Amino acid sequence: MVFSPLLVAALLPIAARAANDWSKPCFGECNWDITSGSGSGTVRISGPQAAVSDITPAAGWMMLDCDPNTSNQDIRLVCEDPDKGCDHLYQNSAAGTLVRLPQGCGSTPFALVTREWVHQDQSIPASKRSKIVRRDGSQPVVKGMSLATNFADIDTPPNGNVSLYLMGSSIPGAAGNFTVEPPTDTSATKRGVSSWVDDTLGKLAQVHEDLSIGNFDKNISNSSPLNFEKDFPLFDQKISCPQQGSIPAFSGEAKVDLEGKVNGNVNYGVAASGTIIPPALNDFGLFVDLDATITGTLALDTDLTGTISTGQIPLFSVGIPELDFPDILSIGPTFSVNAEATASLDANLDTGVDLAYTVQGLQLFFPPGSNSQGGTYTPGDSNVKLSVSPNVTSHGQIAAHLIPTLAFGISALGGKTQSTISLNLDADAALDLSLTAAAEASTSTSGNDAGTDFGGCVDITSGLNVNAGANADFFTIFKKDTSVSLFQKTFDLFKKCFGSSSARRAYTGRAIHAKLLARDGGISCPSSPLGAAESVVNETVSGSR
């Protein structure tokens, strides 16, 4: 395989090098990298020289007291080597300067200095005193600084606006450097920034794709597994039915089961741009790559009549490794599975219908931009079984949904704005049934008795609807009603008419679907004999039909 220079550049993040260099001070511009095991990424901040500085050893500073788990706090520090640039912090004033924090100090990579003073505690531990460089042998002055990260609520006037560019991947080692170099402040037009986010996600998607097929470092784990398997009763109601005329008393039951299984792998990436001071994102994009198989069996067994509507039932939920740029941008994904069933019944019915789909190479870019959504969606074979009372006139409908969902909870700039982007894969199976029983006179030696001309039609479909949407506004980048449709199709699994021509002509098909479900009277005992169920369909339908 031959790679273009652009693609080779996009794959450089897989190398060991990273954007953040702890040996170089951040003066006017700074990078910071995710170093945790769950994901990879880098963020760049830039602004006027007086607006962005550094209090790490690279800039000559030594930390004396700093809580590693706190973002807003007072710290003690001392300039250990003035030649490295401690004075850079004071170009305007220390207060109002965004600074990079050293490792082990604070829970965030950057903080704004809101106050600076000569600390009353001038003690320096002996273990650190020997590292301090002073040509004249004088004792350095220990400083106190107040740090804050709730940028929207800080009263201290900043020393200038500070821009922000961010890129991340759920794959550790895949995004240690920018796949596309961010524009400079002078070239960062709105169109240029938007193009940068789209280009970055496009290149990152290429990196993910090449990792998934093993073209590069095979030691890099390239996805998060998705696994679910459960047999779940969606509806089960029993009724003791008293005798009604010729119908003897009996114990009736309506039961709907759904056996579902989801297996797959997912990875995702993100790019964003804006300003950290003042806190605002101007552009944002999420990329999701998914392979999955969805299988299930809808089973319904009833000798009662009426309607069933379960509403959406949660079956399963589990978190997926998050991507966290502390107090800048956090993405916390969740994989969940919901199910739902509806039915309108007026016959003794026993049915089972499989739903089966393979989703391969699904690519979601949200909100939609210049990158193309992708994926192939293939139905699998389905086992279809139906037994029904032969001596009733019936119009019935059954539908079930198995809905795996990936929800990406997004929190930006210390929680200033939050939204959830959900990718839904709604797999359904539906059965429409129309039966007619017409009495015919027949003569025997014992006299007249009634026979039955039994017939009708059955129509079984399955469908897949893949879409994504947001539940809240996210700055001015997208609205809560923003949505993307990736795939939507109904597949005709099985359609058969049987029995007499008069029964076939009575078939109402899908047109009566809405009226049946609108007949919401719950489950009740039958008002006429239903009779024992007889097999109408029992076969395997090919998904390639």
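## Buried cysteines and a predicted model

A residue is called buried when its relative accessible area is under 20%, exposed when that area is over 50%, and partly exposed in between. Cys-105, with a relative accessible area of 2%, therefore counts as buried, and Cys-66, at 19%, is also under the 20% limit and so counts as buried. The structure in which these values were computed is a predicted model, and the confidence of the prediction is taken up in the last section.

## The link between Cys-66 and Cys-105

Cys-66 and Cys-105 form a disulfide in which the two sulfur atoms are 2.0 Å apart. A disulfide is a covalent bond between the sulfur atoms of two cysteines. The angle about the S-S bond of Cys-66 and Cys-105 is 80°, and the link is right-handed. Cys-66 lies in the loop between β4 (61–65) and β5 (73–79), while Cys-105 lies in the loop between β6 (98–100) and β7 (110–118), so the pair ties together parts that are 39 residues apart in sequence.

## Two further disulfides and the overall pattern

Cys-241 and Cys-525 also form a disulfide, with their sulfur atoms 2.0 Å apart, and this link is left-handed, with -95° about the S-S bond. The pair connects distant parts of the chain, since Cys-241 is in strand β10 (residues 224–241) and Cys-525 is in the loop between β24 (523–524) and β25, 284 residues apart. Both Cys-241 and Cys-525 are buried.

Another disulfide joins Cys-457 to Cys-497, with a sulfur-to-sulfur distance of 1.9 Å. The torsion about its S-S bond is about 105°, so the disulfide of Cys-457 and Cys-497 is right-handed. Cys-457 lies in strand β22 (residues 447–470) and Cys-497 in strand β23 (residues 483–498), so this pair ties together parts that are 40 residues apart in sequence. Cys-457 is buried, with a relative accessible area of 1%, whereas Cys-497 is partly exposed, because its relative accessible area is 29%. The count for the model comes to five disulfides, and when the bonded cysteines are counted along the chain, the pairs follow the pattern 1-2, 3-6, 4-5, 7-10, 8-9.

Gly-543 lies in the segment after β25 (534–541) and is buried, with a relative accessible area of 11%. Leaving aside residues up to four places away in sequence, Gly-543 touches Pro-379, Gly-380 and Asp-381. Gly-543 and Phe-491 are 52 residues apart in sequence, and their C-alpha atoms are 8.6 Å apart in space.

Asn-31 lies in strand β1 (residues 29–33) and is buried as well, with a relative accessible area of 12%. The side chain of Asn-31 is joined to the side chain of Arg-44 by a polar contact of 3.0 Å.

## Confidence along the chain

The mean pLDDT of the chain is 82, and 82% of its residues reach 70 or more. Over residues 214–220 the pLDDT stays under 50, and for this stretch the model has 15 contacts beyond four places in sequence. Residues 502–519 also have a pLDDT below 50, and there the model shows 37 contacts beyond near neighbours in sequence.

Terms used: Residues numbered from 1 in each chain as written. Heavy atoms only, no water. Helix = DSSP H or I, 4+ residues; strand = E, 2+ residues; numbered from the N terminus. Buried < 20%, exposed > 50% of the residue type's maximum accessible area, 1.4 Å probe, protein only. Contact = heavy atoms within 4.5 Å. Disulfide = S-S within 2.5 Å. pLDDT = per-residue confidence, 0-100. Polar contact = N/O pair within 3.5 Å; in protein donor to acceptor, adjacent residues only side chain to side chain.
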